[in-house]
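User: I'm new to this one and would like to learn how to read it, feature by feature. Could you walk me through?

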Protein chains: 2
Amino acid sequence: MSDQITVAIDAMGGDNAPSAPVEGAVLAARNTQTRILLVGDKDPVEAELNKHDTEGLQISVIGSEGKIEDSEAPALALRQKPRSSVLVATGLVKAGTADAVISMGSTGGSMAAAVVILGTIKGIERPAIGGPIVGSAPNQTILDLGSNIDCKPTQLLGFGILGSVFSKVLLNINDPKIGVLSVGSEQSKGNALTKEASSLFSKSGLNFIGNVEGNDLVKGIADVVVCDGFVGNVLLKLVEGIGTELGLQLQAALSDKMPPEDLKKLVQELHSKNNVVDSRGGGPVFGVNGVSIVGHGSASPATFDRSVSLARMCIETRLIEEMNEQVPRVMALASD
Amino acid sequence: MSDQITVAIDAMGGDNAPSAPVEGAVLAARNTQTRILLVGDKDPVEAELNKHDTEGLQISVIGSEGKIEDSEAPALALRQKPRSSVLVATGLVKAGTADAVISMGSTGGSMAAAVVILGTIKGIERPAIGGPIVGSAPNQTILDLGSNIDCKPTQLLGFGILGSVFSKVLLNINDPKIGVLSVGSEQSKGNALTKEASSLFSKSGLNFIGNVEGNDLVKGIADVVVCDGFVGNVLLKLVEGIGTELGLQLQAALSDKMPPEDLKKLVQELHSKNNVVDSRGGGPVFGVNGVSIVGHGSASPATFDRSVSLARMCIETRLIEEMNEQVPRVMALASD
């Protein structure tokens with residue numbers, strides 16, 4: 001592998017595919033000199049690509065057949081559609097043809113493809129989704145956000161290690177503070193899962209700061225917050241819902257007090273502050289043995305471009321190598 | 001018992017005790033002709049009461065000794081302080097001297113006192129705290145909000161029945177819609193707890209609408225939403241935190257665009273819309289066999305006054321009698 005970074009993009013994934021992924025690929029290839037492999041049904045993807053000036057850009061189209069829909073059960077869809085775009089794109093990473101894969105299609109499908117094809121990091125059974133959810137703490141990584149609904153304490157420990165490596169390597173946070181999301185700051189507060197997880201973290205050698213509460217998420221007290229995917233997903237969706245509702249309330253309260261353009265700008269500004277998931281775009285699948293970036297189906301071309309930059313950073317910082325080193329080491333410490 | 005309603009108020013409970021509870025008692029006695037028994041250390045409570053014009057009001061002081069602090073473990077405190085204000089006040093309900101008790105002191109202490117002295121409704125093991133948490137759905141009752149951290153499916157069923165009775169008799173909602181808080185609208189989505197609870201609800205004869213998600217809370221899709229107290233408490237605190245943060249963001253974004261008084265009013269308006277717990281004040285302890293109202297320690301005199309009105313409504317609508325009838329009946333149906 002040379003210094004040239006190659007990223008495979010699932011050109012069929014997302015609400016606006018193939019136009020958004022193709023346009024995003026063109027942006028990324030131009031902005032970062034990345035080599036892009038667009039994976040999708042050849043005719044529509046090439047037709048889309050022909051709308052752009054790709055002179056001097058390294059973009060190729062790799063043919064695949066069909067896509068995994070949001071409505072499909074991922075495990076079944078993988079078997080039924082072995083040539084679907086996300087499987088072919090992920091396979092390029094496994095084969096060493098690409099260094100990373102990006103898909104804004106079915107998140108379950110992307111994660112399942114990553115697990116089956118790339119495998120998981122030693123010590124991690126199932127991957128997680130993580131990222132910031134509150135705008136006031138944009139560099140806080142909360143995981144899991146919905147992939148692991150019923151969790152064991154060791155899974156929470158795994159999330160903490162993965163999040164900690166991510167914070168350190170990607171976000172440049174020195175010795176990231178890790179908190180367990182719970183219902184009181186005292187160590188005695190929590191449910192059976194969080195209490196056992198806390199006891200593991202306290203032996204982990206990580207910078208464990210104990211329990212954090214719902215309001216602490218807003219303040220960003222911890223750099224990494226672990227919770228089961230049930231709690232994380234409910235929180236994520238609640239914050240999204242509040243952000244939308246808040247925009248409506250502001251519109252109503254201020255419509256006769258500000259010029260429409262100012263109000264629109266204010267609402268957008270507060271919305272993007274409070275909906276970091278929307279604004280940021282893609283995030284890595286935590287725990288798989290390779291760089292796989294997923295995101296909202298609503299991803300715009302700019303989101304694809306940002307995701308390529310994120311993929312590049314994951315590769316350049318050797319995120320996966322660091323995770324492979326840290327997870328087994330810390331898990332061994334915590335299980336002593 | 002005549003038509004005259006008597007309410008015992010823990011005059012030592014809350015951050016501003018005894019002044020706030022005493023002033024609230026005076027307001028309530030004047031506004032609603034309620035007979036108020038102020039329970040607390042006699043000297044300070046009487047001194048406080050003497051600051052007010054109580055001519056024609058039915059307010060008496062009942063002596064007690066000390067109070068249960070927020071920092072104390074409730075069960076232990078009950079044994080060590082048998083003459084503390086909340087225990088004496090709750091005892092007045094058991095004795096039939098008062099029809100309801102109100103305390104803004106340690107919520108754990110108030111709940112423990114209610115359980116020990118008044119007992120629970122048949123079929124309910126431990127009481128719950130419930131109420132709205134999102135301003136856009138002020139009549140949505142979410143429970144549990146933090147008393148029952150690790151829950152069994154039958155407990156969630158119990159919360160649903162209690163919430164349903166409350167919605168119907170107190171909030172005048174005909175055939176309240178009940179939802180289980182989960183991570184997807186499909187029945188297959190959820191954790192082990194919510195899936196089992198859903199199967200109980202579907203046999204309950206209640207108006208069960210299935211899963212609701214985080215963003216559905218904002219829309220108020222269900223009238224009653226059940227979750228374990230871990231999830232409920234994290235949500236409650238997150239929403240409080242977001243409300244506070246939002247105020248700061250608005251201040252910053254609008255300080256040069258609006259007159260300071262208008263901005264202050266806007267922030268307060270949005271704050272009260274989004275912090276219903278603060279604005280509403282007290283709520284009943286769900287599941288105890290008597291009317292016990294608890295609330296934030298920061299309760300103002302107006303909150304005490306509103307809590308007396310709530311207590312009166314609970315009594316006049318025969319809330320507890322209805323709960324005693326419905327809980328065993330619906331639980332029998334659901335366990336068939």
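Analyst: What follows is a short tour, from the whole chain down to single residues. This is a predicted model, where local features need pLDDT of at least 70, side-chain atom pairs count only at pLDDT 80 or more, and totals for chains, interfaces and linings use all residues. Residues are numbered from 1 along each chain as its sequence is written, while chains are lettered from A and ligands numbered from 1 in the order in which they are written.

User: How many helices and strands does chain A have?

Analyst: Helices (H or I, at least four residues) and strands (E, at least two) are DSSP runs, numbered from the N terminus. Chain A has 13 helices and 11 strands.

User: What does the radius of gyration of chain A agree with?

Analyst: The radius is taken over C-alpha atoms, and the globule rule is 2.2 Å times the number of residues to the power 0.38. For 336 residues, a compact globule would come out near 20 Å, and chain A has 20 Å, which agrees. The C-alpha trace of chain A spans about 60 × 60 × 35 Å along its principal axes.

User: What share of chain A counts as buried?

Analyst: A residue is buried if 20 or more other C-beta atoms lie within 10 Å of its own, exposed if 12 or fewer, and partly exposed in between, with C-beta atoms placed from the backbone. In chain A, 57% of the 336 residues count as buried. Strand S2 (residues 35-40) of chain A is largely enclosed by the rest of the structure, because five of its six residues are buried.

User: And how do I read contacts along the sequence?

Analyst: Two residues are in contact if their C-beta atoms, placed from the backbone, lie within 7 Å. Take the contacts in chain A between residues at least 6 apart in sequence: 70% of them join residues at least 24 apart.

User: Now the sheet. In what order do the strands of chain B line up?

Analyst: Two strands pair if DSSP finds at least two bridges between them. In chain B, 11 strands make an open sheet with mixed pairing, in the order S3-S2-S1-S4-S11-S10-S5-S6-S9-S7-S8. Strands S3 (59-63) and S8 (207-212) of chain B are at the edges with a single partner strand each, so one side of each has no neighbour in the sheet.

User: Is Val291(B) buried or exposed?

Analyst: Val291(B) is buried, with 24 other C-beta atoms within 10 Å. Beyond neighbours within four places in sequence, its contacts include Asp99(B), Pro284(B), Ala311(B) and Ile320(B).

User: How are the two chains related?

Analyst: Two copies of a chain are related by a rotation about an axis and a shift along it. Copies are superposed by least squares on the C-alpha atoms of residues with pLDDT of at least 70 in both. Here a rotation of 180° with 0.0 Å of shift along its axis puts chain B on chain A (RMSD 0.0 Å). That is the relation of a two-fold axis.

User: Which element gives the most to the side of chain B that touches chain A?

Analyst: In all, 35 residues of chain B are in contact with 36 residues of chain A. Helix H9(B) gives the most to that side of chain B, with 15 residues. The copies meet through the same surface, because 100% of the interface residues of chain B are also interface residues in chain A.
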